[in-house]
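Here are my notes for you on this one. Have the structure open as you read, and go point by point.

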Amino acid sequence: MKHIVKIMAVVVAISAFWVGLLQTSIVSQDYTWLLPIYFIVSLGCYGLLMVGIGLMQFPTCPQEALLLQQVLYLRFYYNLLLYVIVLDEDILEAKDFLKQRDVDVGSD
Amino acid sequence: MESADRAVGFLLSLISLSIFSYYTFWVIALPLFYTDHFVHKYFLPREYAIIIPVFAGVALICFLCMFIGYVTLKSKKKKA
């Protein structure tokens, strides 16, 4: 809450300063919107800068990346194995079913 | 992979710093020079310092609205 109050106070002070400059005709009225737009542009630039700096400093942790890749491989093979086992069970079930119905299956 | 990240980050910060310095110089420092100084040749007239950011902001908001509308319509069509 206090942080917001501080920021609002700064914004009010800057706008009071700018309105004072405008009213006393130090800056012509054609340039009324110069200061707000300047601050918005600099805010955008600041955001971009922070994103760029964060990108540059982001750590990649190569060992953790390797471990993660191994974990992913393991999981993949585990799922593959489960899938193959289920398929085999299904094949056996289907063969039994057909044998009950006296269909010659002639398997390999 | 990390060098690509670092290159993109560096490019972003370079772009932002150059835009900031150009704009600051344009808006704040340029009026303090004499009107027949040669440096005015490299900068557009000062009205453009207001028009260009406003135009870019309006274009950004339009793009955002179109994107949100497009995503909403696509999700609605998929549900229906």
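1. Before anything else, a word on "touching": two residues are in contact when they have heavy atoms within 4.5 Å of each other. Keep in mind, too, that this is a predicted model.

2. Let's start with one residue, B:Ser16, and who it meets. Leaving aside residues up to four places away in sequence, B:Ser16 touches A:Cys45, A:Leu48 and A:Leu49. You'll find B:Ser16 in helix α1 of chain B.

3. Is B:Ser16 buried or exposed? It counts as buried, because its relative accessibility is 2% and the cut-off for buried is under 20%. The side chain of B:Ser16 also reaches back to its own chain, with the backbone oxygen of B:Ser13 at 3.1 Å.

4. Now zoom out to where the two chains meet. On the chain B side, 22 residues are in contact with 15 residues of chain A.

5. What about polar links and charge pairs? The count of salt bridges between chain B and chain A is zero. The rule for polar contacts does find one residue pair across the interface, with both residues at pLDDT 80 or more.

6. Which parts of chain B supply the side that touches chain A? Helices α1 (2-29) and α2 (48-79) of chain B each give at least two residues to it. The largest share, 16 residues, comes from α1(B). Sorted by class, that side of chain B has 13 nonpolar, four polar and five charged residues.

7. Last, check the database labels against the model. For chain B, UniProt (an unreviewed entry) puts "transmembrane region" at residues 7-28 and 48-73. In the model, residues 7-28 of chain B are 100% helix, with end C-alpha atoms 31 Å apart. Residues 48-73 of chain B are also 100% helix, and there the end C-alpha atoms lie 37 Å apart.

8. Chain A carries the label as well: its unreviewed UniProt entry marks residues 7-27, 33-55 and 67-86 as "transmembrane region". Among them, residues 7-27 of chain A are 81% helix, with the end C-alpha atoms 25 Å apart. Residues 67-86 of chain A are 100% helix and 0% strand, with the end C-alpha atoms 29 Å apart.

Note on methods:
Residues are numbered from 1 along each chain as its sequence is written. Chains are lettered from A and ligands numbered from 1 in the order in which they are written. This is a predicted model: local features need pLDDT of at least 70, side-chain atom pairs count only at pLDDT 80 or more; totals for chains, interfaces and linings use all residues. Side-chain values use heavy atoms; hydrogens and water are left out. A salt bridge is a side-chain nitrogen of Lys or Arg within 4 Å of a carboxyl oxygen of Asp or Glu. A polar contact is a pair of N or O atoms within 3.5 Å; within protein, one must be able to donate a hydrogen and the other to accept it, and residues adjacent in sequence count only if both atoms are side-chain atoms. Helices (H or I, at least four residues) and strands (E, at least two) are DSSP runs, numbered from the N terminus. Ala, Val, Leu, Ile, Met, Phe, Trp, Tyr, Cys and Pro count as nonpolar, Asp, Glu, Lys and Arg as charged, and the others, Gly among them, as polar. UniProt positions are given in the numbering used here, feature names are shortened, and annotations may be inferred rather than shown by experiment. Buried means under 20% relative accessible area, exposed over 50%, partly exposed in between (1.4 Å probe, protein chains only).
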